[in-house]
Amino acid sequence: MRFAVLLYPGVEPIDLATYGVLSMARRLEPSIECWTVASRKGVVEFASGLCVVAAHGYRHCPRFDVILVPGGPVWVAAARDEGTLAFLR
């Protein structure tokens with residue numbers, strides 16, 4: 001199974017916990033794949049200044065089975081972004 005984890009500015013660092021869980025799950029099920037995706041490949045600044053690198057931008061994201069979308073207060077603003085909405089559709 002292939003998982004994409006959506007990143008956008010202001011995400012809380014705890015939302016990366018899903019990535020950690022999937023990383024551990026690969027020990028039991030090596031077919032699990034997981035990567036990060038954002039509007040553009042590169043650095044995304046999270047809440048509190050943590051910077052995380054998105055492995056892929058929307059245009060070049062590999063096919064996935066599941067996308068994990070973090071919520072929280074900044075999701076309202078991120079959900080208004082036309083590029084993000086188009087990617088999720």
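These legends describe close-up views of a predicted model.

**View 1. An open sheet of four strands.**
The strand order is E5-E2-E1-E6, and the pairing is parallel. Strands E5 and E6 form the edges, each pairing on one side only. Between E1 (residues 2–6) and E2 (residues 33–38) there are five bridges, and the two strands run parallel. E1 also pairs with E6 (residues 66–68), again in the parallel sense, over three bridges. E2 and E5 are joined by two bridges and run parallel.

**View 2**
How much of strand E1 is buried? Four of its five residues are, so the strand is largely enclosed by the rest of the structure. Alanine 4 shows the pairing on both sides. Its bridge partner in E2 is tryptophan 35. Its bridge partner in E6 is isoleucine 67.

**View 3. The β-α-β unit.**
E1, helix H1 (residues 17–25) and E2 make up this unit, which is right-handed. Tyrosine 19 sits in helix H1. Its relative accessible area is 30%, so tyrosine 19 is partly exposed. From tyrosine 19 to valine 43, the C-alpha to C-alpha distance is 16 Å, and the two are 24 residues apart in sequence.

**View 4. The link between strands E2 and E5.**
E5 covers residues 56–57. Two bridges join these parallel strands.

**View 5. The ring pair of tyrosine 8 and tryptophan 75.**
The model holds three aromatic pairs. In one of them, tyrosine 8 and tryptophan 75 have their ring centres 5.5 Å apart, with 50° between the planes, and the pair is tilted. This pair links distant parts of the chain: tyrosine 8 is in the loop between E1 and H1, tryptophan 75 is in helix H2 (residues 75–78), and 67 residues separate them. Are the two residues buried or partly exposed? Tyrosine 8 has 5% relative accessibility, so it counts as buried. Tryptophan 75 has 23%, so it counts as partly exposed.

**View 6. The ring pair of phenylalanine 64 and phenylalanine 87.**
The ring centres of phenylalanine 64 and phenylalanine 87 are 6.0 Å apart and the planes lie at 50°, so this pair is tilted. Phenylalanine 64 is in the loop between E5 and E6, while phenylalanine 87 is in helix H3 (residues 82–88), so the pair ties together parts 23 residues apart in sequence. Phenylalanine 64 is partly exposed, with a relative accessible area of 30%. Phenylalanine 87, at 17% relative accessibility, counts as buried, because the cut-off for buried is under 20%. Which residues form the aromatic cluster here? Tyr58, Phe64 and Phe87 form one cluster.

**View 7. The largest pocket.**
The volume of this pocket is about 190 Å³. Its lining has 15 residues, and Leu7, Tyr8, Pro9, Ala38 and Ser39 lie nearest the centre. Two of these names return from earlier views. Tyr8 is the buried tyrosine of the pair with tryptophan 75. Which strand gives the most to the lining? Strand E3 (residues 42–45) does, with four residues. By type, the lining has eight nonpolar, three polar and four charged residues.

Technical notes
Residues numbered from 1 in each chain as written. Predicted model: local features only at pLDDT ≥ 70, side-chain atom pairs only at ≥ 80, totals over all residues. Heavy atoms only, no water. Buried < 20%, exposed > 50% of the residue type's maximum accessible area, 1.4 Å probe, protein only. Pairing = 2+ DSSP bridges. Right-handed = clockwise from strand over helix to strand, strands pointing away. Phe/Tyr/Trp six-rings, centres within 6.5 Å; stacked < 30°, edge-to-face > 60°. 1 Å grid on protein atoms, 1.4 Å probe; cavity = no way out; pocket = protein on both sides within 12 Å on 5 of 7 lines; lining within 4 Å. Points joined across faces, edges and corners; volume = space filled by probe spheres on them. Nonpolar A, V, L, I, M, F, W, Y, C, P; charged D, E, K, R; others polar.
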